[in-house]
Amino acid sequence: MSILLDNPIYHIVGDVADRMNVQAYAVGGVVRDYFLHRHCTDIDIVCIGNGIELAKAVAADISPSIEVAVFKNFGTASFHYHHHGVVWQIEFVGARRESYHFDSRKPIVENGTLEDDQNRRDFTINAMAVSLNKDTFGELLDPFGGIQDLNNGLIRTPLDPDITFSDDPLRMMRAIRFASQLGFHILESTFEAIQRNASRIKIVSIERITVELNKIILSPSPSLGFKLLLKSGLLDIIFPELSSLRGVETVEGRSHKDNFYHTMQVLDNVAAKSDNLWLRWAALLHDIGKPATKRYDPKLGWTFHGHEVRGGKMVKRIFSRLRLPLDAKMKYVEKLVTLHMRPIVLAEDVVTDSAVRRLLFEAGDDIDDLMALCEADITSKNEDKVRRYMKNFQLVRSKLIELEEKDRIRNFQPPVSGQDIMDTFGLPPCREIGTIKDAIKDAILDGIIPNEREAAWKMMIDLAATLGLTPKEQ
C-alpha cells in the first residue's frame, strides 16, 4: 500500500537518506494521524543507522541556520522546520531494540532493524511506518494490522501486553488516553493486562502521569478515560481522592447519588462547552470534598455541608502532588471549587441584589466560568427541576449584568483605602482601620451606599466618630 505524503520534508529526508545510503521511515503518530485525518505537526523519523547524523545532514540540506538539538544519551536529534506558516517538530532516531530490568523504566538500548523498532512500539496504530527512500517512497509497512485497528477503533499492543506494559508502565495511561481522545475501544485482553500491571505505574514519574491526565481531561469526552482509569485500578493509585468519590451508601432506605459518576457528567458537560483545561479541572474537583463531609441526618437524609470549602482547601495539595502549576491557574481552580455552590444557592432562593453583588465581588473576572460550571453541575434526571434551575440561573446572570453596569462591583477596590483612613485620623496600622474598611465594603455590597468615593468618605467619618476617632488637623 502506498500513501501520499505532501509535506516537502518527507522528500528532503528521503533524498538525504539515499545519498547517505540509509533507509528512512516516517513512523508512529504522524502516520496514525494521516489515516485519521488529524493535524499532526510532530514528525518522527526512524532510520536504519545513525539518526543524529541523518538529522544534521537533513538540517544542513534545508538551511545552514537550522539549529539541531542533539540528545546523545537517547540517540535522538530534532529541529524545527517551517513550511506554509506551520512549524513542524522533526525528530530523528536510529532503529533500535530495547530490553528492561523489572525495577526500572530505563531500557537497555541496542541498534536494531525496522522490525525491532516496530516491535517496541506501544500500540498497533502507532507501529506503522512509511518509507521515505525514493525507490519505495510512500510504501506503508504495517506488520501488526494497525490500519485494520484504526478502522475498527481498536487499541491493542503489537506484542504480549503484559511485557509491553511491564516494560513501560506509562503505556497503560497512554492506552486509556488514546481511547479517550479517539473514542476507541481497548481490546479486552489488552485491558486485562492493564489491570494486572496497574501497580507498576508507581515507578513512573508523576510529571509524566500528569501529562497523560491532562490529555485525558482535554479529550472530547473525558469521562470515558476516567471511567477506564477507575475500572483498571490505576485511578486508586494515581488519584485516590477522585476514586473515593465512587459508591452509594444507604441508610434507612435513603441513598445519595454516586458522586464519581456525577462528577464525570459535570466534566463532560463542561467539556462540551469549553476547551479551558483549568475550567475542566475545576469540574473534576468541584465535589472532591464530599467524602470528608458526608453525614447522615435522620431528618434531612444525606448531607455534604461545607464540601465546597473543604474541596477548595484540597486543591493545592492535589496540585502539589500532581506537579501541576501552583500559580494563578491553581488559584482559579481553588476559587471555582470554593464558590461553585453559591449560584446554586441563589437559584434555589430569592435572587437578592446584595447576594449577587457579593458573588460578583468574590468571583471577579471568573464569574462567567463559575456560572458555566454551576450550569454543568445540574445533572438531575428530573426535567422540571433542571428547567427551574436553568431559568433561575438566567435570572442570576441578568442580575449580574445589571448590577455590574450600575455598581461596577467586579474586582472593585473600596473607594476609601486603608492609607486614606490612616492619613485622615493620624493612625498607625491598627484594628480600627480594618473595621472601617470592612464596614464600607459591606455597605457597598449590600447596596446601602453607592460605590462612590463621596458616599464612602462620609461613611468613614461617621464610623470613625462611633469609634472615638476624630480627623487630625490639616
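What covers the buried residues of H22? The views below begin with that helix and then move to other parts of this predicted model.

The model is predicted, with local features needing pLDDT of at least 70 and side-chain atom pairs counting only at pLDDT 80 or more, while totals for chains, interfaces and linings use all residues. Residues are numbered from 1 along each chain as its sequence is written, and side-chain values use heavy atoms, leaving out hydrogens and water.

**View 1. Helix H22 (residues 418-425) is mostly covered.** Helices (H or I, at least four residues) and strands (E, at least two) are DSSP runs, numbered from the N terminus. Six of the eight residues of H22 are buried, where buried means under 20% relative accessible area, exposed means over 50% and partly exposed lies in between (1.4 Å probe, protein chains only). Look for Gly418, Asp420, Ile421, Met422, Thr424 and Phe425, the buried residues of H22. Their cover includes H23 and helix H24 (453-466), with contact meaning heavy atoms within 4.5 Å. After H22 comes Gly426, with a positive phi near 60°.

**View 2. Helix H19 (residues 353-363) crosses helix H23 (residues 431-445) at roughly 120°.** Their axes come within 8 Å; axes are lines fitted to C-alpha atoms, for helices over the stretch in contact, and angles run from 0 to 180 degrees between N-to-C directions. On the H19 side, you will find Ser354, Arg357, Arg358 and Phe361 making the contact. H23 contributes Lys441, Asp442, Ile444 and Leu445.

View 3. Gly51, Ile52, Leu54, Ala55, Val58 and Ala59 are the buried residues of H3. An α-helix has 3.6 residues a turn, so residues three or four places apart point the same way. The buried residues of H3 pack against helix H1 (8-20) and strands S1 (24-27), S2 (42-47), S3 (69-71), S4 (76-83) and S5 (86-94). At the start of H3, a side-chain oxygen of Asn50 comes within 3.0 Å of the backbone nitrogen of Ile52.

**View 4. Asn126 is buried in the loop between helix H4 (114-119) and strand S8 (129-131).** Its relative accessibility is 4%. The side chains of Asn126 and Arg32 make a polar contact at 2.6 Å, meaning a pair of N or O atoms within 3.5 Å; within protein, one must be able to donate a hydrogen and the other to accept it, and residues adjacent in sequence count only if both atoms are side-chain atoms. Leaving aside residues up to four places away in sequence, Asn126 touches Gly28, Arg32, Arg121, Arg174 and Phe178.

**View 5. Glu252 and Arg323 each have a positive phi without being glycine.** Most residues other than glycine have a negative phi. Glu252, with phi near 50°, lies in the loop between strand S12 (250-251) and strand S13 (254-255). Glu252 is exposed at 62% relative accessibility. For Arg323, phi is about 60°, and the loop in question runs between helix H16 (307-321) and H17. Arg323 is exposed too, at 52%.
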